Amino acid sequence: MKMLTVKDLSVKLGKFELNGVNFEVGPGEYFVLLGVSGAGKSVLLQIIGGLIPGASGVVMLNGKDISREKVQRRGVGLVFQDAALFPHMNVFKNIAYPLRSLKLNDREIDRRVRELADMTNITKLLKRNPANLSGGEKQRVALARALALKPQCLLLDEPISSLDVQLRRELRSLLRKINANGQTIVHVTHDYEEAALLASRIGVIENGSVVQTGKAPEVFSRPKSEFVANFVGIRNFFRGELRDGKDSMKKFLFDGGEVSVLTGEPEGAGYITVRGEDLIISEKRWESSAANSFPGRVIALEPARVGTEVLVDIGVTLSALVSKESVSNLQLEPGSKVWVSFKASAVKFIPG
Amino acid sequence: MTGFQPLKLFFVFLGGLLLLFVIAPLAGMFLETSPAEFFDTAMEKEVAGSIWLTLWTSMLATLIFALAAIPFSWILARKKFPLKRVISAIIDIPVVIPHSAAGIAILGFVARDTAVGRLGDHLGLSFVGTPAGIILAMAFVSIPFLVNAARDGFLAVPEKLEKAALNLGASPARVFFTVSLPLAWRSILSGLIMMWARGMSEFGAVVIVAYHPMITPVLIYERFGSFGLSYARPVAVVFICVCLVFFVFLRMLSTKYENADG
């Protein structure tokens, strides 16, 4: 049985519209909804949480229709983008707030707050006021507070986007930990990297509906939305393992072969991406500083927003963005034999 | 930018004139009242009684009507409903009509031969010439100050915080009392002080509904009419002093809240 099912969800709010949104999330899954800003991701979460009335369609949680259920009894916890901590309460009181609705005694509340603070690593902050917390700390408090009621499904509205790189990494690892404890999570974001790093499955939301769902490599390699397709580079998206290589470079092994990567990341599993703009296509092997050079065969030419997207089979399919002039100069057509080269520094490794 | 700025100097001069306009009459009044006169007046039973009456009626008017005004302000801040603008405008009417006219309107509403008057009589409550009538007249002219301040206060509370509280299992009543009200409290307190101060200084509406018992503004008017300026002045000075003490104390209290919050 699915943990969360959203079926034909539609709503019109002024100029903005959600148009028959459908998706399902399994128990314990980390589902990321990816879409541009203004695609309706936050509205969707608030509708699931019962905070925006008037939507048609069905929201089922653990087999139960909660579409008409009171906000307080829905069993979903929502973390807002800016954490929405109560500014007149300290961290302890913020986390204790939902527990007070349960009519627990003070000792039990104290025990539960400390347990949650311990898990989210904010025990030292319990007496602080939200105004004195950093963005990352605020999100941790908001997570602890949302988890206090043990929601069946946790809804996260861009919790990481506003943080700097180091804090993002820390918060990601906390989110993974929460998910590993069995918590079902629906996370919305406009950041594909965040989606790739966290999601067990991704849904792409565009023009008010979910246009594609699937695992990260599937969604990024075969995009069905303009939004994802616009990241041409991300079509060159492969999962594998980073290993120690010779000299300053590392090797990335995946089922399509081996690629040299210039990265400071430690060895381990992860993804690589290469932007289509960084791939060079030549007739013959090209002697240059590019550490990666592969022979292949053109399988398709597709007009892109600017230039032409050339799909080359080198064992896996690579997508290169080249100018129309280069296509005619090299006389590229399906079946042409070519070489594809790119620098080790053009390869981006994302651990996860 | 430094240097000579004629425009700035001119503005400061205008401000100085304005301050002088407010301070000069008050200062003159204080200077013309001797300490002996001041203390004799303050000790007068009639004066002390009227000041006490003015204080407690205006305070009670504020507290009783706040019970309805504060939740209503929240509705005005948060909910969309037909004729909302019209209703907001109605709330402001007492500010723009002459207060003697407001007194006539209230008297017509609560006099003994009206439905409200008869109901009051039935409950042993008379509004004409009683503290109850004074409270109604004071509340009528001062309620816009509280409603407007409280509404602005609620508007300044991010709706997201109320939504977050609902999502965390709190009932709408709990959200109101633990999130909306505390976060709008600074504005509400300021509105309460303004309403109380405005009620306390009311003359026009009260004098028509209840000449007796005499609140201090009516007493000042009566002494002026019967005995002249020099008899009215010490009463006015004593009353202003009492008002200022309360006003400064309450302002300090609200500043303390401000500091605690920020």
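Me: Among contacts in chain B between residues at least 6 apart in sequence, what percentage join residues at least 24 apart?
Reply: This is a predicted model, where local features need pLDDT of at least 70, side-chain atom pairs count only at pLDDT 80 or more, and totals for chains, interfaces and linings use all residues. Residues are numbered from 1 along each chain as its sequence is written, while chains are lettered from A and ligands numbered from 1 in the order in which they are written. A contact needs C-beta atoms, placed from the backbone, within 7 Å. For chain B, the share joining residues at least 24 apart is 77%.

Me: How many helices and strands does chain B have?
Reply: Both are DSSP runs, numbered from the N terminus: helices are H or I of at least four residues, strands E of at least two. Chain B has zero strands, and its helix count is twelve.

Me: How is H4(B) oriented to H7(B)?
Reply: Axes are lines fitted to C-alpha atoms over the stretch in contact, with angles from 0 to 180 degrees between N-to-C directions. The axes of H4 (residues 84–96) and H7 (residues 131–155) of chain B come within 7 Å and cross at roughly 130°. Under 35 degrees is roughly parallel, over 145 roughly antiparallel, 65 to 115 roughly perpendicular, the rest oblique. Therefore H4(B) is, relative to H7(B), oblique.

Me: Which residues of H7(B) meet H4(B)?
Reply: H4(B) contributes B:Ile91, B:Asp92, B:Pro94 and B:Val95. Their partners in H7(B) are B:Phe140, B:Val141, B:Ile143, B:Pro144 and B:Val147.

Note on methods
Contact = placed C-beta atoms within 7 Å.
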